[in-house]
Amino acid sequence: MLKKQTTKISLQNPQRFTKQQKPHKTTKRSPRQALTTYRKKRDFAKTAEPIGGTEVVIHNELAFVIQKHAAGHLHFDLRLERDGVMKSWAVPKGLSLDPAIKRLAMQVEDHPIEYNTFEGTIPAGEYGGGTVMLWDQGTYHYDSDRPDDLESLRQGYAKGDLKLVFAGKRLQGSWALVRMRRCDPERPQWLLIKRRDEFADSQTDIVEKYQTSVTTGRTMEEIAADQPPA
Ligand code: MN
């Protein structure tokens with residue numbers, strides 16, 4: 001009798017129960033496996049986005065890229081290279097240089113390394129339809145004194161606590177990317193925060209300041225029209 005009732009209670013909230021029990025994915029996957037979701041979401045006959053996995057990429061330094069993406073809602077995409085793919089987050093409001101401001105960063109599917117040079121327009125009606133601008137690019141490293149940077153990065157990611165140093169054209173210095181505890185493991189939400197250093201700046205709105213592509217100098221309108229910069 002008692003046993004039967006216990007079962008009934010857990011079945012009333014099956015989603016809540018499984019979500020809390022399920023650990024965050026920390027197992028290492030090959031880039032091919034990691035890109036399965038990315039590829040499923042897209043029709044490469046229609047979008048010019050890269051399929052990925054076409055080149056073997058060996059970097060001494062890890063790449064980071066930020067793309068401005070005018071999809072249904074304008075947002076910024078933060079991508080960090082790790083283990084052969086770009087770990088990716090959609091940041092609705094973009095980044096802030098003010099350490100007092102926490103920006104929501106919603107983790108999305110891993111993207112291919114080749115995405116780092118993608119700028120253009122995804123056709124309307126396709127997944128992520130809208131214009132994509134390369135907003136910043138460069139390298140990053142894990143902010144630690146430990147000798148094995150990459151292992152620290154993997155561990156930090158598993159723990160949901162990343163301290164990153166960006167060496168970009170527009171963004172530099174130390175940042176924190178922290179996973180929120182109470183979130184769906186399938187759609188993890190993180191907070192992106194500028195850490196206090198000489199690059200912290202509570203006066204400058206970096207999103208407002210840079211309105212053109214970091215590589216081609218084009219505005220969103222020029223990219224959408226497939227035109228060179230004015
Ligand atoms: Mn996006």
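How many bridges pair strand 4 with strand 9, and in which sense do the two strands run? Strand 4 and strand 9 (residues 189–194) pair in the antiparallel sense, over five bridges.

## Model and conventions

The structure is a predicted model, in which local features need pLDDT of at least 70, side-chain atom pairs count only at pLDDT 80 or more, and totals for chains, interfaces and linings use all residues. Residue numbers start from 1 along each chain as its sequence is written.

The average pLDDT of the protein (the predictor's confidence in each residue, from 0 to 100) is 86, and 85% of the residues score at least 70. Over residues 1–26 pLDDT stays under 50, and the model has eight contacts beyond four places in sequence for this stretch. Two residues are in contact, or touch, if their C-beta atoms, placed from the backbone, lie within 7 Å.

## Overall composition

The protein has seven helices and nine strands. These elements are DSSP runs numbered from the N terminus: helices are H or I of at least four residues, and strands are E of at least two.

Of the 230 residues in the protein, 26% are buried. A residue is buried if 20 or more other C-beta atoms lie within 10 Å of its own, exposed if 12 or fewer, and partly exposed in between, with C-beta atoms placed from the backbone. Among contacts between residues at least 6 apart in sequence, 58% join residues at least 24 apart.

## Strand pairing

Two strands are taken to pair if DSSP finds at least two bridges between them. Strand 1 and strand 6 run antiparallel and are joined by nine bridges; Lys 68 stands opposite Met 133 in strand 6. Strand 6 also pairs with strand 5 (residues 120–122) in the antiparallel sense over three bridges, where Thr 121 stands opposite Thr 131. Strand 6 pairs with strand 7 as well, in the antiparallel sense over five bridges, and His 141 has Val 165 in strand 7 as its bridge partner.

Strand 7 is joined to strand 8 by seven bridges, and the two run antiparallel. They form a hairpin with three residues between them, and Leu 162 stands opposite Leu 177 in strand 8. Strand 8 and strand 9, also antiparallel, are joined by five bridges; the bridge partner of Leu 177 in strand 9 is Leu 192. In the pairing of strand 4 with strand 9, Lys 102 stands opposite Ile 193. Strand 3 (residues 85–91) and strand 4 (residues 102–111) pair in the antiparallel sense over four bridges, with Val 108 in strand 4 as the bridge partner of Ser 88.

## Nonpolar core

A nonpolar core is a set of buried Ala, Val, Leu, Ile, Met, Phe, Trp, Tyr and Cys residues joined through C-beta atoms within 7 Å. The largest such core has 36 residues, of which Leu 78, Val 91, Ala 105, Leu 164, Leu 177 and Leu 192 touch the most other members. Strand 1 (62–70), strand 2 (74–82), strand 3, strand 6 (130–142), strand 7 (161–168), strand 8 (172–179) and strand 9 each supply at least two residues of this core. Strand 6 gives the most, with six residues.

Leaving aside residues up to four places away in sequence, Leu 164 touches Tyr 140, Tyr 142, Asp 143, Trp 175 and Leu 177.

Pro 188 lies in the loop between strand 8 and strand 9. Pro 188 is partly exposed because 17 other C-beta atoms lie within 10 Å. Its C-alpha atom is separated by 8.7 Å from that of Ala 105, 83 residues apart along the chain.

Gln 189 is in strand 9 and is partly exposed, with 15 other C-beta atoms within 10 Å. Gln 189 and Met 106 are 83 residues apart in sequence, yet 4.6 Å apart in space, C-alpha to C-alpha. Not counting residues up to four places away in sequence, Gln 189 touches Leu 104, Met 106, Met 180 and Cys 183.

## Positive phi angles

Most residues other than glycine have a negative phi. Asp 83, in the loop between strand 2 and strand 3, has a positive phi near 50°. Asp 83 counts as partly exposed, with 16 C-beta neighbours inside 10 Å.

Asp 226 also has a positive phi, of about 55°, although it is not a glycine. Asp 226 lies in the segment after helix 7 (220–224) and counts as exposed, with 10 C-beta neighbours inside 10 Å.
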